[in-house]
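I open my notebook on this structure. These are entries on what I looked up, in the order I took them.

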Amino acid sequence: MRRPSWLLLLLLAAGAAAAFYRLRNPRRREMVDLYFDDGSLATYGEDDPDGVSMLTLARAVRHAASSR
Amino acid sequence: MDPEQSLADLKQISAQVDEAVIFRQEGTVVASTLETSDRAAGMATAAARLLEAAKQAGADEEKPVVQLEARLADASVVIVREGETVIAATTAAAPTIGLVMYDLRTCLGALAEPKQKPKKTEQKPKKKKPAGRKEAKEAKEENGGAAA
């Protein structure tokens, strides 16, 4: 039986490391939560036109707060 | 409470808040933690526009928006409204949002509290002391002497 090459082992290790890193540091999904006065909540994500416009304005707020 | 003092207290109790600005709903700045008034005005204007967009987005709900959190990749923008007064704050990514909103609402609540006036000290009318025995005796003697 042929032994697996070092290259294959290296690729498998790299894949496992990448998967582990991805699980530990998931990409933060951008979204907006609106809280209404009766305690209800609505969420808008990047897939919603209203969500996109609100996220753009939120970035403007962030930029205005951090720009020097 | 003084708005500047209220924001200073907020920064002291909430380590998650980076910058904050208090403004009227139309965008007039009341107080901010930012170094220059230009930056404060810029942040207030952008936050007012964000709140307006949120109102339009939530128009279907027919309920007023009182709080908002925008989760960005590297930060969050949080807005809390109390009547005509609004506070907007930026935080680091993934803040403890309930705590931040509570702190912002407390900050706005402190503004609404009336200033404590110094208590008026009403001067009570002095009570007349009942005549002492000695004085009563003297009065009696005088009356008695006059009668005799």
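I began with a pair inside one helix. B:Lys55 and B:Glu52 both sit in helix 2 of chain B, three residues apart, about one turn of the helix. Their side chains meet in a salt bridge, at 3.9 Å from N to O. The model is predicted, so I note that this distance is a computed one and falls within the 4 Å cut-off. B:Lys55 is partly exposed, with a relative accessible area of 35%. B:Glu52 is also partly exposed, at 39%.

Next I checked the helix itself. Helix 2 of chain B covers residues 37-57, which makes 21 residues. At 1.5 Å a residue, I expect a span of 30 Å. The end C-alpha atoms are 30 Å apart, so the two figures agree.

I followed up B:Arg39. Its relative accessible area is 10%, under the 20% cut-off, so B:Arg39 counts as buried. B:Arg39 forms a salt bridge with B:Glu35, the closest N and O atoms being 3.9 Å apart. B:Glu35, by contrast, is exposed, with a relative accessible area of 64%.

Then I turned to the interface. I count 35 residues of chain B in contact with 28 residues of chain A. B:Arg39 comes up again here: with B:Arg71 and B:Leu72, B:Arg39 is one of the residues of chain B that lose the most area to chain A. Together the three account for 24% of what that side buries. The size of an interface is often given as the accessible area lost when the parts come together. For chain B and chain A I have about 2,800 Å², with 60% of it on carbon and sulfur atoms.

How many salt bridges cross between chain B and chain A? The rule finds three. One salt bridge that I looked up joins the side chains of B:Arg71 and A:Asp33, at 2.5 Å from N to O. I also note a network of salt bridges that links A:Asp33, B:Glu69 and B:Arg71. Over all chains the count comes to nine.

I moved on to chain A. Chain A has two helices and two strands, and from the N terminus on they run α-β-β-α. Of its 68 residues, 26% count as buried. Among contacts between residues at least 6 apart in sequence, 9% join residues at least 24 apart. The accessible surface of chain A is about 5,200 Å², and 62% of that belongs to carbon and sulfur atoms.

One salt bridge in chain A took me to its loops. The side chains of A:Arg29 and A:Asp47 meet at 3.9 Å, N to O. A:Arg29 lies in the loop between helix 1 and strand 1, and A:Asp47 in the loop between strand 2 and helix 2, so the pair ties together parts that are 18 residues apart in sequence. A:Arg29 is partly exposed, at 45%. A:Asp47 is exposed, at 63%.

My last entry is on the surface. A:Trp6, A:Leu8, A:Leu9 and A:Leu12 make a nonpolar surface patch of about 500 Å². A:Trp6 lies in helix 1, residues 6-24 of chain A. Is A:Trp6 buried or exposed? A:Trp6 is exposed, with a relative accessible area of 75%.

Technical notes:
Residues numbered from 1 in each chain as written. Chains lettered and ligands numbered in written order. Predicted model: local features only at pLDDT ≥ 70, side-chain atom pairs only at ≥ 80, totals over all residues. Heavy atoms only, no water. Patch = residues over 30% accessible without salt bridge, like charges linked within 9 Å, V, L, I, M, F, W, Y side chains within 5 Å. Areas by Shrake-Rupley, 256 points an atom, 1.4 Å probe, with all protein chains shown as cover. Helix = DSSP H or I, 4+ residues; strand = E, 2+ residues; numbered from the N terminus. Buried < 20%, exposed > 50% of the residue type's maximum accessible area, 1.4 Å probe, protein only. Expected span 1.5 Å × (residues − 1). Contact = heavy atoms within 4.5 Å. Buried area = accessible area lost by both parts, 1.4 Å probe.
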